[in-house]
Amino acid sequence: MTVTYTARVANARFGGFSQLLLLWRGSIYKLLWRELLCFLGLYMALSAAYRFVLAEEQKRYFEKLVIYCDQYASLIPVSFVLGFYVTLVVHRWWNQYLCMPLPDALMCVVAGTVHGRDDRGRLYRRTLMRYAGLSAVLILRSVSTAVFKRFPTIDHVVEAGFMTREERKKFENLNSSYNKYWVPCVWFSNLAAQARREGRIRDNSALKLLLEELNVFRGKCGMLFHYDWISIPLVYTQVVTIAVYSYFLACLIGRQFLDPVQGYKDHSLDLCFPIFTLLQFFFYVGWLKVAEQLINPFGEDDDDFETNFLIDRNFQVSMLAVDEMYDDLAVLEKDLYWDATEARAPYTAATAFLLQQPSFQGSTFDITLAKEDMQFQRLDGADGPLGEAQGDFLQRLAGAGGGLLGRRLSLLRRKNSCVSEASSCACTGVPDGSATECSCGDPLLDPGLREPEPEPPVCPEPLAPIPGPAAEPFTTVPIPGPRGPAPPWLPSPIGEEEENLA
């Protein structure tokens, strides 16, 4: 059963974790005490043999061996290898928990898409969720020793109510040598399709949503199977184990206290109990034991997943959701804050101080700037207010080299001017509709009259000079006569003017 201590460390305080050191269940002491006693017993036996059993010549040889082991034991990269290994194991352990097949999302979709308050509708909903629960039981009894001990055979699954005898016959008659945890998911799909044909599921979108949630549920069952099948490479586990145990095997000899009379370096103190060596053993071997416990969380250790509890919880909750709670709604009533402009739930006396704290608006709301730093600056470096620069932006674009953008803006300005001031043009036309000479110059079309910032024209239809042959610099081409002011809701025919100019 999982050891939960979250409430004990809800608030940080002085010595907050120290109260956890006295817990026994799920503790490092429970995991490590056998190895620790074994290491301490071997160390004390070697120390006693050195002091009381060996002769003087043998003691000198043993002292050289101690110095040699202490010098070269540090070449074993215990921290490096063990750190990466434990990180990998913890990451894998949490991902396995995320793959636990929980029916919460699936049962909500079943309750909302499979309709009918009669016995037929209840049968559909309950059977669908029973198939989902059966699939979870089949995969968990394949990977968890605790669940397998609860359901050692298919007969136990049938007697527990997850499978009927007719379904057991179909399950066992299916000719497949592989794990058949996926079979109830196929039954689920077939039953959902039948409910759609009977109208219990009212449209294909609801059926699609139901099958998508089923695929998510089945995918988690499949991931549990693959986690159980594909382990961390054995060579990695072997390297870590050999590194840790060989290091402390060298420490058994290299950390012995030698006779201070011999004058060896760093051996001026003679003790019988290796305090810091035991602490190092506690940390490194304890780290290895953590990885040993988490590498397969589907066992029966104190911190392994409570798979049997999850089976009971999921089965009960799913049946409640699709049967007793189906179409069971309370009477709709107006909430307490129906007419309130600002809804806020009340606070108790223990939390009333939170009302005095301002709401968070963003990390930049507390920044202050000097008044001169808040003035907009013109990008062109010219003097004058920013509004003037924005006002003459189109003028500068229109006169910038006479390019295509400038021509379009000039034509747009001329059309708007002609619509509003059509009566002010002094041009006349002949009865056949051809244009005559106009007293209004066109600064866009006449190079001699072009100004940096042309004035709006008065005449809508001037003569357009275009380049002619080499002997004639320009050729005058008549433009169709005026057609009168265009209604304001029609678009300006700029494209037609450009075609004529081309």
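1. Angles under 35 degrees count as roughly parallel, over 145 as roughly antiparallel, 65 to 115 as roughly perpendicular, and the rest as oblique. The angles run from 0 to 180 degrees between N-to-C directions, and axes are lines fitted to C-alpha atoms, for helices over the stretch in contact.

2. This is a predicted model, in which local features need pLDDT of at least 70, side-chain atom pairs count only at pLDDT 80 or more, and totals for chains, interfaces and linings use all residues. Residues are numbered from 1 along each chain as its sequence is written, and side-chain values use heavy atoms, with hydrogens and water left out.

3. Helix α4 (residues 104-113) packs with helix α13 (residues 307-324) at about 20°, the axes lying 9 Å apart. The two helices, α4 and α13, are therefore roughly parallel. Their crossing is right-handed (the near helix is turned clockwise from the far one by less than a right angle; anticlockwise is left-handed).

4. On the α4 side, the contact (heavy atoms within 4.5 Å) involves Asp-104, Met-107, Val-110 and Ala-111; α13 supplies Arg-313, Val-317, Ser-318, Ala-321 and Val-322. By class there are six nonpolar, one polar and two charged residues. Ala, Val, Leu, Ile, Met, Phe, Trp, Tyr, Cys and Pro count as nonpolar, Asp, Glu, Lys and Arg as charged, and the others, Gly among them, as polar.

5. The axes of helix α5 (residues 119-143) and helix α9 (residues 183-198) come within 8 Å and cross at roughly 165°, which means that α5 is roughly antiparallel to α9. This crossing of α5 and α9 is left-handed.

6. Residues in contact include Tyr-124, Leu-128 and Tyr-131 of α5, and Trp-187, Phe-188 and Leu-191 of α9. The contact of α5 with α9 has 12 nonpolar, three polar and two charged residues.

Notes. Helices (H or I, at least four residues) and strands (E, at least two) are DSSP runs, numbered from the N terminus.
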